[in-house]
Amino acid sequence: RCKNLSVSFWNSYWMLPSDVCGMNCFWEAAFRYDYMKTHPSEKMHLAVVACGERLEETVTMLRSAIIFSIRPLHFHIFAEDQLHERFKDILDKFPYEGKVNYTLYPITFPTEGAAEWKKLFKPCASQRLFLPLILKDVDSLLYVDTDILFLRPVDDIWSFLGKFNSTQIAAMAPEHEEPRIGWYNRFARHPYYGVTGINSGVMLMNMTRIRRKYFKNDMTPVRLRWGEILMPLLKKYKLNITWGDQDLLNIMFFHNPESLYVFPCQWNYRPDHCIYGSNCKAAEEEGVFILHGNRGVYHDDKQPTFRAVYEAIKNYSFGDDLVHSLLQPLELELQKTVHTYCGRVYKVFVKQLTKSIRDLYARRSKG
């Protein structure tokens with residue numbers, strides 16, 4: 001892990017010592033750039049599902065992905081028909097510099113049980129379950145909820161694909177770090193992965209492997225493929241699940257644990273990691289890599305730390321200086337939130353962001 005940096009987040013911005021990382025950081029960085037070197041033109045595919053009032057939130061997420069990412073991005077945006085034109089109007093004005101493409105799709109469910117899938121948990125939420133079946137020509141995909149913000153390049157989480165062993169098909173983070181406040185281990189009425197379950201808000205998928213795999217299950221001794229197992233799971237557990245498609249994924253990986261790669265909590269940092277006291281140790285050491293503002297915290301005053309990050313990225317104008325237009329104003333806002341539990345650890349929200357900005361300018365200086 002990288003050592004904590006006891007420096008001002010902008011006064012010492014360009015004076016970070018070159019040896020602040022230990023050998024673990026060195027090898028992590030070496031793996032990342034070795035993967036990029038061997039996959040130089042690989043396009044990264046990112047999918048999101050947007051319904052209702054989620055357009056602004058989705059656009060802000062896409063902005064955060066564009067700011068820092070290195071390799072080309074292709075956004076697969078699944079949205080209600082009435083949102084398509086608004087998405088086009090906004091995205092066509094983004095300064096992509098040739099590195100970003102997007103495709104808009106309608107919300108579609110299998111004919112069998114379409115009504116049930118539509119009303120499962122939240123409108124459109126279960127669309128993500130069918131991405132391997134819809135995007136048949138996409139080998140790998142990063143799915144994220146609309147309330148995600150990237151504080152480091154998408155390239156870095158994408159590189160986890162190269163760490164999958166021969167049986168792993170997807171990667172997610174644990175639902176909780178602390179079992180005493182965990183939901184699944186205290187309340188779930190169905191099987192779930194590991195000690196505290198998994199959160200599907202950030203889900204990296206090797207979809208070729210998903211389409212090929214036959215899954216163990218508790219419904220039949222016969223293993224079923226992805227497209228065959230979803231409806232039987234829904235029928236068996238629909239009266240016992242609370243969090244919709246995420247619960248179904250937990251059930252699936254409970255029976256197939258060898259298929260899941262689990263990444264640390266700083267890749268899916270949520271209010272639960274700080275509202276009861278800080279419990280994501282990896283974020284304390286290295287900062288937050290991907291921020292997940294579930295519980296609607298970007299849009300109310302309950303967690304002002306999360307809202308401050310969201311507003312900073314939403315209001316940032318492409319091309320403006322990131323230090324003076326994003327980082328400095330954000331840290332000033334975060335300092336106003338120290339009366340909250342999350343505010344007490346506000347530096348975890350800017351630690352990685354600071355490094356991402358420095359790395360971006362270093363790349364630009366090298367052409």
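Strand 6 (residues 170–174) is largely enclosed by the rest of the structure, because five of its five residues are buried. Buried means under 20% relative accessible area, with exposed over 50% and partly exposed in between (1.4 Å probe, protein chains only). Helices (H or I, at least four residues) and strands (E, at least two) are DSSP runs, numbered from the N terminus. The model is predicted: local features need pLDDT of at least 70, side-chain atom pairs count only at pLDDT 80 or more, and totals for chains, interfaces and linings use all residues. Residues are numbered from 1 along each chain as its sequence is written, and side-chain values use heavy atoms, leaving out hydrogens and water.

Strand 6 has two partners, strand 7 and strand 10. Pairing requires that DSSP finds at least two bridges between the strands. With strand 7 (residues 198–206), strand 6 pairs in the antiparallel sense over four bridges. Pro 174 has Ile 198 of strand 7 as its bridge partner. Strand 6 and strand 10 (residues 260–262) run parallel and are joined by three bridges. Here Met 172 stands opposite Val 262.

Strands 6 and 7 also contribute to the largest nonpolar core. A nonpolar core is a set of buried Ala, Val, Leu, Ile, Met, Phe, Trp, Tyr and Cys residues joined through side-chain atoms within 4.5 Å. The largest has 42 residues, and those with the most contacts inside it are Trp 117, Leu 131, Leu 141, Met 205, Leu 230, Leu 248 and Phe 253. Elements giving two or more residues to this core include strand 1 (44–50), strand 6, strand 7 and helix 10 (245–255). Helix 9 supplies the largest share, seven residues. Phe 253 is in contact (heavy atoms within 4.5 Å) with Ile 169, Ala 170, Met 172, Tyr 193, Ile 198, Ser 259 and Leu 260, leaving aside neighbours within four places in sequence. Another core, of 40 residues, lies apart from this one and has Leu 73, Ile 157, Phe 164 and Trp 267 among its members.

Helix 12 (residues 304–315) has 12 residues and reaches 16 Å from first C-alpha to last, close to the 16 Å expected at 1.5 Å a residue. The expected span is 1.5 Å times one less than the number of residues. Its buried residues include Phe 306, Val 309, Tyr 310 and Ile 313. Their cover includes helix 2 (55–68), helix 13 (322–334) and helix 15 (347–365).

Helix 15 has 19 residues and reaches 27 Å, close to the 27 Å expected. Among its buried residues are Phe 349, Lys 351, Leu 353, Asp 359 and Tyr 361. Helix 11 (281–286), helix 12 and helix 13 are among the elements covering them. Gly 367 follows helix 15, with a positive phi near 85 degrees.

The buried residues of helix 13 pack against helix 2, helix 12 and helix 15. They include Leu 322, Val 323, Leu 326 and Glu 331. At the start of helix 13, a side-chain oxygen of Asp 321 comes within 3.2 Å of the backbone nitrogen of Val 323.

His 74 lies in strand 2 (residues 73–79). His 74 is buried because its relative accessible area is 14%. Its side chain makes a polar contact of 2.8 Å with that of Thr 103. A polar contact is a pair of N or O atoms within 3.5 Å; within protein, one must be able to donate a hydrogen and the other to accept it, and residues adjacent in sequence count only if both atoms are side-chain atoms. Not counting residues up to four places away in sequence, His 74 also touches residues including Met 44, Leu 46 and Tyr 102.
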